[in-house]
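User: I would like to go through some of the labels attached to this structure. Please set each value against its cut-off.

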Amino acid sequence: MEHLHQSFTVQYHYNVFFTSSLFSPENELLNSFLVNLNPAAAIKKILFVIDKGVADAHPGLTTQIKAYFLQHHRTQLVQDMLVIPGGEQVKNDTGYFDQVLEAINTYGIDRHSFVAAIGGGAVLDMVGYAATVAHRGIKHIRIPSTVLSQNDSGVGVKNGINYFNKKNFLGTFSPPVAVFNDEVFLNTLSDRDWRSGIAEAVKVALIKDAGFFEWLETNAVALANRDTAAMNYQIWKCAKLHMEHIRSADPFENGSARPLDFGHWSAHKLEYLTNFEVRHGEAVAMGIALDTVYSNLSGRISAEDARRVINLIQQLGFELTHPLLQVKEGNSPILDGLEEFREHLGGQLTITLLTGLGSGEEVHEIDADILKQAAEILNQQTASIQH
Ligand SMILES: NC(=O)c1ccc[n+]([C@@H]2O[C@H](COP(=O)([O-])OP(=O)(O)OC[C@H]3O[C@@H](n4cnc5c(N)ncnc54)[C@H](O)[C@@H]3O)[C@@H](O)[C@H]2O)c1
Ligand SMILES: [Zn+2]
């Protein structure tokens with residue numbers, strides 16, 4: 001019998017909105033979005049899952065959300081909002097994933113209703129995963145509350161949790177229906193979380209946009225000193241570059257390459273090795289430093305370019321390296337990170353290295369001796385700064 005062929009395309013589109021005080025009574029943005037998506041006048045439900053770090057820092061938040069939906073009653077708010085801890089623990093412990101599924105089940109959230117997550121990248125990743133597997137996919141709305149989630153993790157298409165001690169072992173490629181970046185949330189971030197996400201901007205600038213790299217150099221001190229205007233531009237530009245890349249390249253990552261993961265192979269491993277004491281963005285800054293020095297030692301970029309990258313990372317206030325990133329004789333835990341990275345992406349090992357400030361190339365092999373040397377250089381540089 002003749003074989004049957006199947007082929008179709010599914011179009012995805014969503015907006016990332018930039019706003020201030022999303023739930024203030026006069027802010028129509030969220031309500032208009034919900035009403036436009038639902039012109040049939042049927043009442044749809046919305047379930048909120050909130051990062052406890054955000055709820056604690058903004059004590060009036062749940063009251064404000066209730067008042068907002070009292071006023072905008074075309075969408076029915078589930079009054080019982082789920083508040084869960086923030087940080088990597090929500091991706092490590094499947095109990096939180098179960099809690100979201102339970103709430104979806106208990107409150108009858110169907111595929112025409114919404115799950116809205118407010119929080120850092122970890123909470124958004126986990127809630128997005130729960131929403132996209134329940135009933136084969138409930139519409140999810142992301143309301144990122146950290147720099148990293150507003151400029152990177154919240155604007156993309158990936159959701160996930162950690163499993164078998166491996167980051168994002170379980171997950172989905174499934175875009176949100178909308179993202180609302182509210183600048184007010186950023187005011188309450190710790191200095192660490194304010195800074196952490198800027199590492200993703202350095203990353204995307206280095207592989208895609210030399211002009212943005214120069215902008216970051218010019219504005220590094222302002223960013224480190226919590227200048228709001230500089231931060232807002234950084235977030236907008238970084239989100240834009242991420243979205244353009246996702247749209248133009250390989251949104252659901254069918255290939256083995258993942259240029260947006262420049263600096264990430266060692267970062268993911270370091271996060272585990274330090275039991276998540278080192279934040280994702282902090283680890284990424286160290287991973288960028290390592291792969292930048294490696295790019296120089298392997299003849300891809302000049303010493304001057306490498307120096308500019310290291311300077312920027314330091315000016316932003318990041319540590320350059322960590323003892324666990326050192327490559328020792330024999331087996332080093334960080335080297336296992338290479339194989340784990342390959343396994344996660346599937347296929348051949350593919351690491352992005354720099355060929356200039358704003359351009360990268362994919363390589364399929366990493367030389368352990370050069371890596372060791374790169375790690376040592378950063379270690380010495382750190383030591384010379386501290387003493
Ligand atoms: N899906 C993706 O494409 C993607 C991309 C990059 C990173 N990530 C993931 O994102 C996660 C890191 O996200 P993150 O950097 O946002 O950190 P995070 O989610 O771990 O949050 C850090 C801390 O900030 C607190 N917090 C959040 N918002 C706050 C606010 N407004 N005020 C005060 N405290 C607040 C949280 O409670 C938490 O304690 C990692 O799991 C990483 O793997 C995902
Ligand atoms: Zn990242």
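User: Why is K166 called partly exposed?

Analyst: K166 has a relative accessible area of 27%. Buried means under 20% relative accessible area, exposed over 50%, and partly exposed in between (1.4 Å probe, protein chains only), so K166 counts as partly exposed. This is a predicted model, in which local features need pLDDT of at least 70 and side-chain atom pairs count only at pLDDT 80 or more, while totals for chains, interfaces and linings use all residues. Side-chain values use heavy atoms, with hydrogens and water left out, and residues are numbered from 1 along each chain as its sequence is written.

User: What makes E343 and K166 a salt bridge?

Analyst: Their side chains meet at 3.1 Å, N to O. A salt bridge is a side-chain nitrogen of Lys or Arg within 4 Å of a carboxyl oxygen of Asp or Glu, so the pair qualifies. E343 lies in helix α15 and K166 in strand β8, 177 residues apart; helices (H or I, at least four residues) and strands (E, at least two) are DSSP runs, numbered from the N terminus.

User: Which class does E343 fall in, at 39% relative accessibility?

Analyst: E343 counts as partly exposed.

User: Why is α13 described as largely enclosed by the rest of the structure?

Analyst: Of its 18 residues, 16 are buried, so the description holds.

Notes. Chains lettered and ligands numbered in written order.
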